[in-house]
Amino acid sequence: MTCARTGPWGPLLLLSLVLACAGAPRRADGVPSRVVVLAASEVPRPSPRGLLGHVRGKEQPRDVVARAGAEALRARGYEVVWVETEVGPTPSVPRASALARQHGAQATVVLVLLRLDGVSLQPTGQTEVELELRMVGPTGHVWASDDVPDTTTRPLPRARADWRAHVRQAVIQAVRLLP
């Protein structure tokens, strides 16, 4: 089958378009699509290691969680309307719902870094990361809530110098659990 405009590539182009649309992230009807990201961390900032660590060492874990969460949500097709970090313990459901209302979002995605096992980080390139994940609507309805333990492995040269890679990988895995 050929076409005057596309030549023999027409059917191939149509097939790739159909496959690209089929692979697009989909959510169930009624699930929020406009979200606010609220990130916190119960983990203190790890001490910098190496030259790269000293240059980028001032970054807080909650900042890494917030940025990685927003990127992962956008990749899943969510519209992120606001990103905020909070110092201290896990943000409450009333705080999360108020933030959604304040920014006109359908939900707030709360991501809290609970644990980053730095002991195994240096020698093996593998570490355990635990996150709390919650999706809270503007009325206080909790769409999803879970503690997400994850063991991440990064290539050794980068993993030894950069704890951020492990946190980003764990956040991406956690966001995949949302509806």
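Biologist: In this predicted model, is Glu59 buried or exposed?
Modeller: The model is a prediction, and its relative accessible area for Glu59 is 17%. The limit for the buried class is under 20%. Since 17% falls under that limit, the class of Glu59 is buried.

Biologist: With which residue does Arg67 form a salt bridge?
Modeller: Arg67 has a relative accessible area of 39%, so it counts as partly exposed. A salt bridge requires a side-chain nitrogen of Lys or Arg within 4 Å of a carboxyl oxygen of Asp or Glu. For Arg67 the closest N and O atoms of the pair are 2.1 Å apart, and the partner is Glu59.

Biologist: Which parts of the chain does the pair of Arg95 and Glu84 tie together?
Modeller: The side chains of Arg95 and Glu84 form a salt bridge with an N to O distance of 2.3 Å. Arg95 is partly exposed, at 28% relative accessibility. Arg95 belongs to residues 93-102 and Glu84 to residues 79-86, so the pair ties together parts 11 residues apart in sequence, namely helix α4 and strand β2.

Biologist: Are Glu132 and Arg134 buried or exposed?
Modeller: The side chains of Glu132 and Arg134 meet in a salt bridge, at 2.6 Å from N to O. The relative accessibility of Glu132 is 14%, and that of Arg134 is 9%. Since the buried class is defined as under 20%, Glu132 and Arg134 each count as buried.

Biologist: How many salt bridges does the count give?
Modeller: The pairs discussed include Arg67 with Glu59, Arg95 with Glu84 and Glu132 with Arg134. Under the 4 Å rule, the salt bridge count comes to seven.

Biologist: How are helices α3 and α7 oriented relative to each other, parallel, perpendicular or oblique?
Modeller: Helix α3 spans residues 61-75 and helix α7 residues 163-175, and their axes are 9 Å apart at an angle of about 40 degrees. Angles under 35 degrees would count as roughly parallel, and 65 to 115 as roughly perpendicular. The angle therefore makes the relation of α3 to α7 oblique.

Biologist: Is the crossing of α3 and α7 left-handed or right-handed, and how many nonpolar residues does the contact have?
Modeller: The crossing of α3 and α7 is right-handed. Its contact involves Pro61, Val64, Val65, Ala68, Gly69, Ala72 and Leu73 of α3, which meet Trp163, Arg164, Val167, Arg168, Val171, Ile172 and Val175 of α7. By class, the contact of α3 with α7 has two charged residues and one polar residue, and the number of nonpolar residues is 11.

Biologist: How far apart in space are Arg176 and Ala72, C-alpha to C-alpha?
Modeller: Arg176 lies in the segment after α7 and is exposed, at 52% relative accessibility. Ala72 is among the α3 residues that contact α7. In sequence, Arg176 and Ala72 are 104 residues apart, whereas their C-alpha separation in space is 8.3 Å.

Biologist: What is the C-alpha to C-alpha separation of Asp63 and Val83?
Modeller: Asp63 sits in helix α3 and is partly exposed, with 27% relative accessibility. Asp63 and Val83 are 20 residues apart in sequence, and their C-alpha atoms are separated by 9.8 Å.

Biologist: What is the relative accessible area of Ala107?
Modeller: Ala107 is in strand β3, residues 107-116. Leaving out residues up to four places away in sequence, Ala107 touches Pro32, Arg34, Val35, Val36, Ala100, Met135, Val136, Gly137, Pro138 and Trp143. One of these, Met135, is 28 residues away in sequence and 6.3 Å away from C-alpha to C-alpha. Ala107 is buried, and its relative accessible area is 0%.

Biologist: What percentage of the contacts in the protein chain with a separation of 6 or more comes from residues 24 or more positions apart?
Modeller: The protein chain has seven helices and five strands, in the order α-β-α-α-β-α-β-α-β-β-α-α. Of its 179 residues, 40% count as buried. Among contacts with a separation of 6 or more, residues 24 or more positions apart account for 65%.

How values were computed
Residues are numbered from 1 along each chain as its sequence is written. This is a predicted model: local features need pLDDT of at least 70, side-chain atom pairs count only at pLDDT 80 or more; totals for chains, interfaces and linings use all residues. Side-chain values use heavy atoms; hydrogens and water are left out. Axes are lines fitted to C-alpha atoms, for helices over the stretch in contact, and angles run from 0 to 180 degrees between N-to-C directions. Helices (H or I, at least four residues) and strands (E, at least two) are DSSP runs, numbered from the N terminus. Angles under 35 degrees count as roughly parallel, over 145 as roughly antiparallel, 65 to 115 as roughly perpendicular and the rest as oblique. A crossing is left-handed if the near helix is turned anticlockwise from the far one by less than a right angle, and right-handed if clockwise. Contact means heavy atoms within 4.5 Å. Ala, Val, Leu, Ile, Met, Phe, Trp, Tyr, Cys and Pro count as nonpolar, Asp, Glu, Lys and Arg as charged, and the others, Gly among them, as polar. Buried means under 20% relative accessible area, exposed over 50%, partly exposed in between (1.4 Å probe, protein chains only).
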